[in-house]
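Here is a short briefing on one protein model. Look at the structure first, then work through the points by topic.

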Amino acid sequence: MFDIKFLKFGAVGIIGVGIDFLVTWFCKEKIGLNKYLSNALGFSFAVINNFLLNRYWTFGTDTQPLAEQFLKFVLIAIAGLGINSLLLFLMLRFLKLNFYLSKLLVIGLVFFWNFSMNYLFTFQ
């Protein structure tokens with residue numbers, strides 16, 4: 001059961017990455033917002049999408065109260081955003097990597113945090 005959930009969580013994550021990148025790019029390049037604010041907005045849109053897909057498809061836990069489960073998911077996502085932003089800052093500042101390459105690498109790293117915490121805490 002763990003393997004299929006991990007794969008489904010990954011598939012949802014790929015969709016979330018698309019949403020995250022699209023919103024981040026739009027906010028940064030088209031609206032002209034700060035890159036860190038744009039990053040947070042992209043992340044936030046992806047979180048809402050990912051919660052719904054993971055609740056109903058990946059984990060099939062629609063019997064738990066929606067608000068309570070969403071709060072857990074959001075708290076984990078906020079912690080993930082903190083990790084995401086810190087790692088993004090460090091990669092940009094010290095490794096001097098491209099913004100979008102750094103963002104992609106950070107998303108990959110934070111994926112493991114998100115899956116583990118949601119598997120153990122939110123959707124158990």
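Lys103 counts as buried, because its relative accessibility is 1%. Its salt-bridge partner is Asp20, with the closest N and O atoms 2.8 Å apart. Asp20 lies in helix 1 (residues 2-31) and Lys103 in helix 4, so the pair ties together parts that are 83 residues apart in sequence. Keep in mind that this is a predicted model.

**Salt bridges**

- How many salt bridges does the structure hold? There are three.
- Asp20, the partner of Lys103, is buried, because its relative accessible area is 4% and the cut-off for buried is under 20%.
- Lys28 and Glu29 form a salt bridge through their side chains, at 2.9 Å from N to O.
- Lys28 has a relative accessible area of 24%, so Lys28 is partly exposed.
- Glu29 is partly exposed too, because its relative accessibility is 40%.
- Lys72 and Glu68 also meet in a salt bridge, at 3.9 Å from N to O.
- Where do Lys72 and Glu68 lie? Both are in helix 3, four residues apart, which is about one turn of the helix.
- An α-helix has 3.6 residues a turn, so residues three or four places apart point the same way.
- Lys72 is buried, because its relative accessibility is 15%.
- Glu68 is at 45% relative accessibility, so Glu68 counts as partly exposed.

**Helix 2 and its ends**

- Helix 2 covers residues 35-58.
- Its buried residues include Ser38, Asn39, Gly42, Phe43, Ala46 and Val47.
- Further along helix 2, the buried residues include Asn50, Phe51, Asn54, Arg55 and Thr58.
- At the start of helix 2, a side-chain oxygen of Asn34 comes within 2.6 Å of the backbone nitrogen of Tyr36.
- Just after helix 2, Gly60 has a positive phi of about 55 degrees.
- Leaving out residues up to four places away in sequence, Asn50 touches Val12, Gly13, Gly16 and Phe73.

**The nonpolar cores**

- Which residues make up the largest nonpolar core? The ten are Phe9, Phe43, Val47, Phe51, Phe59, Phe73, Ala77, Phe111, Phe115 and Phe123.
- Helix 2, helix 3 and helix 4 each give this core at least two residues.
- Helix 2 supplies the largest share of this core, with three residues.
- Phe51 touches Leu66, Gln69, Phe70, Phe73 and Phe123, not counting residues up to four places away in sequence.
- A second, separate core has six residues, among them Leu92, Phe99, Val106 and Val110.

**Ala77 in helix 3**

- Ala77 sits in helix 3, which spans residues 66-95.
- Ala77 is buried, because its relative accessibility is 7%.
- Which residues is Ala77 in contact with, leaving aside neighbours within four places in sequence? They are Phe43 and Val47.
- Ala77 and Gly42 are 35 residues apart along the chain, and 12 Å separates their C-alpha atoms.

**Asn118 in helix 4**

- Asn118 is part of helix 4, residues 99-122.
- Asn118 is buried, because its relative accessible area is 2%.
- The side chains of Asn118 and Thr122 make a polar contact at 2.8 Å.
- Leaving aside neighbours within four places in sequence, Asn118 is in contact with Phe9, Phe73, Ile76, Phe123 and Gln124.

**A nonpolar patch on the surface**

- Ile48, Leu52, Tyr56, Leu66 and Phe70 form a nonpolar patch on the surface.
- Together, these residues have about 460 Å² of accessible area.
- Which elements give two or more residues to the nonpolar patch? They are helix 2 and helix 3.
- Helix 2 gives the most to the patch, with three residues.
- Leu52 lies in helix 2.
- Leu52 is partly exposed, because its relative accessible area is 42%.
- Leu66 and Phe70 of the patch are also among the residues that Phe51 touches.

Conventions:
Residues numbered from 1 in each chain as written. Predicted model: local features only at pLDDT ≥ 70, side-chain atom pairs only at ≥ 80, totals over all residues. Heavy atoms only, no water. Buried < 20%, exposed > 50% of the residue type's maximum accessible area, 1.4 Å probe, protein only. Polar contact = N/O pair within 3.5 Å; in protein donor to acceptor, adjacent residues only side chain to side chain. Contact = heavy atoms within 4.5 Å. Patch = residues over 30% accessible without salt bridge, like charges linked within 9 Å, V, L, I, M, F, W, Y side chains within 5 Å. Areas by Shrake-Rupley, 256 points an atom, 1.4 Å probe, with all protein chains shown as cover. Salt bridge = Lys/Arg side-chain N within 4 Å of Asp/Glu carboxyl O. Core = buried A, V, L, I, M, F, W, Y, C linked by side-chain atoms within 4.5 Å.
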